[in-house]
Amino acid sequence: MCSSDLKATDTGSTIQGGVDFGAADRTSFRREKEPGLAGFDVRHSFYTNFIYDLPGENLSGVSKAVLGGWGVAGLLRLNSGYPLNVSAATPTLGGRAYQFVNGSTVDLIPNGDSNAIDARNPDQYFDVTQFAYPQFCATAAAACGGNVGGFLGNLGRSTMISPGVANVDFTLTKDTGLPMFGEAGSLQFRFELFNLLNRANFSTPSLGLFNFANNTATRVSTAGQITNTATSSRQIQFALKLIF
């Protein structure tokens, strides 16, 4: 069990070997200019579990057979989301890339909100209108200061937070003694509920904001949409377990 208001920051990090965390690694030309939330910065995290043997084990005869041996167990998980980076296609001209260093490929609009999320709206998890494509100059026009090429975006690193997770698993068991299998012999019935409350725990939204072709950036229609969940829907499982 852990809960904290502290931040984990770095200049680049990627979580490997886990499905719950994303990558906040956006390698750039000047890494000292890239401080931001680490990929494992899950600000609030709470886990707890319980096991309880229901009364009835001290009964005898039929009462013990019916009421004895029951137990319940549960697992509760609550955690906030992890940092995300939106992105856009690199500008090209004549098949040649015009972004020579890595970094942000997206601008934040003036007075924009880099974490403008609607946590329970999978069709539009974040407001895509808060972001713009950086300036691109196909010719050395006066408006571009005589330069040709693409400019880096001004958006910082790890500015958006993914959906969190709230999940409850529950188990009901019944142990029936089977002396023919020894002193510890028993048959255990298990009734298990995964995601008891059937809560939709959303996965990562689509983070690609813009495509680029023919010297023009176009917004990706699926940007900000969530098509998967981080946990399954409610699942019910029955099982018998022979213990000896």
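You are looking at a predicted model, where local features need pLDDT of at least 70, side-chain atom pairs count only at pLDDT 80 or more, and totals for chains, interfaces and linings use all residues. Residues are numbered from 1 along each chain as its sequence is written, and side-chain values use heavy atoms, with hydrogens and water left out.

**Stop 1: a hairpin.** Select residues 208-213 and 216-219. These are β17 and β18, which pair in the antiparallel sense over four bridges. Show F210 and you'll find R219 of β18 opposite. Now click N214: this hairpin has two residues between its strands, and N214 takes a positive phi near 55 degrees.

**Stop 2: β16 and its neighbours.** Select 186-194, which is strand β16. On one pairing, β16 runs antiparallel to β15 over eight bridges; there, L172 has F191 of β16 as its bridge partner. β16 also pairs in the antiparallel sense with β19 (residues 235-243), over nine bridges. Pick L193 and look across to I236 in β19.

**Stop 3: E192.** Stay in β16 and select E192. Is E192 buried or exposed? E192 counts as buried because its relative accessibility is 10%, and the cut-offs are under 20% for buried, over 50% for exposed and partly exposed in between, using a 1.4 Å probe on protein chains only. Its side chain makes a polar contact of 2.9 Å with that of R190 and another of 2.6 Å with that of Q237. (A polar contact is a pair of N or O atoms within 3.5 Å; within protein, one must be able to donate a hydrogen and the other to accept it, and residues adjacent in sequence count only if both atoms are side-chain atoms.) Leaving out residues up to four places away in sequence, E192 touches F170, T171, Q235, I236 and Q237, with contact meaning heavy atoms within 4.5 Å.

**Stop 4: the lining of a pocket.** Select 44-53, 61-67, 70-79 and 165-177. These are β4, α1, β5 and β15, and each supplies at least two residues of the lining of the largest pocket. Which element gives the largest share? β15 does, with five residues.

Terms used. Two strands pair if DSSP finds at least two bridges between them.
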